[in-house]
Amino acid sequence: MKKVTYITQKEEAKTASASSGNLMELAIANNIEGIEGDCGGVCSCATCHIHLTPEDFETVGGPGEIEEEMLELEDNVSPYSRLACQVPISSLPEQITVKVAN
Ligand code: FES
């Protein structure tokens with residue numbers, strides 16, 4: 001089980017656990033504000049935009065080509081931005097804190 005703490009734009013923290021799926025699915029299952037997952041996780045809506053810490057970004061890895069193109073259209077983009085639907089739970093360290101970008 002990986003533990004994920006989501007910090008919303010209102011600075012509210014909510015922790016959830018999962019051993020499979022991705023960061024978008026886990027957020028939706030736990031009603032995390034700011035993660036909509038409109039496209040169902042096929043990397044075409046960017047309503048699951050999150051920011052990782054530089055350290056976690058190093059561990060998890062950067063965005064793929066299509067994901068990067070989607071992120072270029074986003075306002076609140078950082079060098080450590082990812083789309084949560086493209087981050088499998090299996091790629092995470094045991095514990096991680098992510099910031100919801102929207
Ligand atoms: S849910 Fe649409 S891009 Fe992630």
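**Figure 1. Glutamate 67 and arginine 82 are both buried in this predicted model.** Buried denotes a relative accessible area under 20%, exposed over 50%, and partly exposed in between, computed with a 1.4 Å probe on protein chains only. The side chains of these two residues meet in a salt bridge, with 2.7 Å from N to O. A salt bridge is counted when a side-chain nitrogen of Lys or Arg lies within 4 Å of a carboxyl oxygen of Asp or Glu. Because glutamate 67 belongs to helix H3 and arginine 82 to strand S4, the pair ties together parts that are 15 residues apart in sequence. Helices (H or I, at least four residues) and strands (E, at least two) are DSSP runs numbered from the N terminus.

**Figure 2. Helix H3 (residues 65–72) lies across strands S3 and S4.** Helix H3 runs at about 115° to S4. Axes are lines fitted to C-alpha atoms, for helices over the stretch in contact (heavy atoms within 4.5 Å). Angles between N-to-C directions run from 0 to 180 degrees.

**Figure 3. Five strands form an open sheet with mixed pairing.** Their order is S2-S1-S5-S3-S4. Strands S2 (13–18) and S4 (81–83) stand at the edges with a single partner strand each, so one side of each is left without a neighbour in the sheet. On average, neighbouring strands of the sheet are turned by 35° against each other, direction ignored. Two strands pair if DSSP finds at least two bridges between them. Strand S3 (residues 49–51) and strand S5 (residues 95–100) run antiparallel and are joined by two bridges. Histidine 51 stands opposite lysine 99 in S5.

**Figure 4. Lysine 99 and glutamate 11 form a salt bridge.** The N to O distance of this pair is 4.0 Å. The pair links distant parts of the chain, 88 residues apart: lysine 99 is in strand S5, and glutamate 11 is in the loop between S1 and S2. Lysine 99 is partly exposed at 41% relative accessibility, whereas glutamate 11 is exposed at 55%.

**Figure 5. Lysine 10 forms a salt bridge with glutamate 33.** Their closest N and O atoms are 3.1 Å apart. Lysine 10 lies in the loop between strand S1 (2–7) and S2, and glutamate 33 in the loop between helix H1 (23–29) and S3, so the pair ties together parts that are 23 residues apart in sequence. Lysine 10 is exposed, with a relative accessible area of 55%, while glutamate 33 is partly exposed at 43%. The count of salt bridges comes to three.

**Notes.** Residues are numbered from 1 along each chain as its sequence is written, and side-chain values use heavy atoms, leaving out hydrogens and water. In this predicted model, local features need pLDDT of at least 70 and side-chain atom pairs count only at pLDDT 80 or more, whereas totals for chains, interfaces and linings use all residues.
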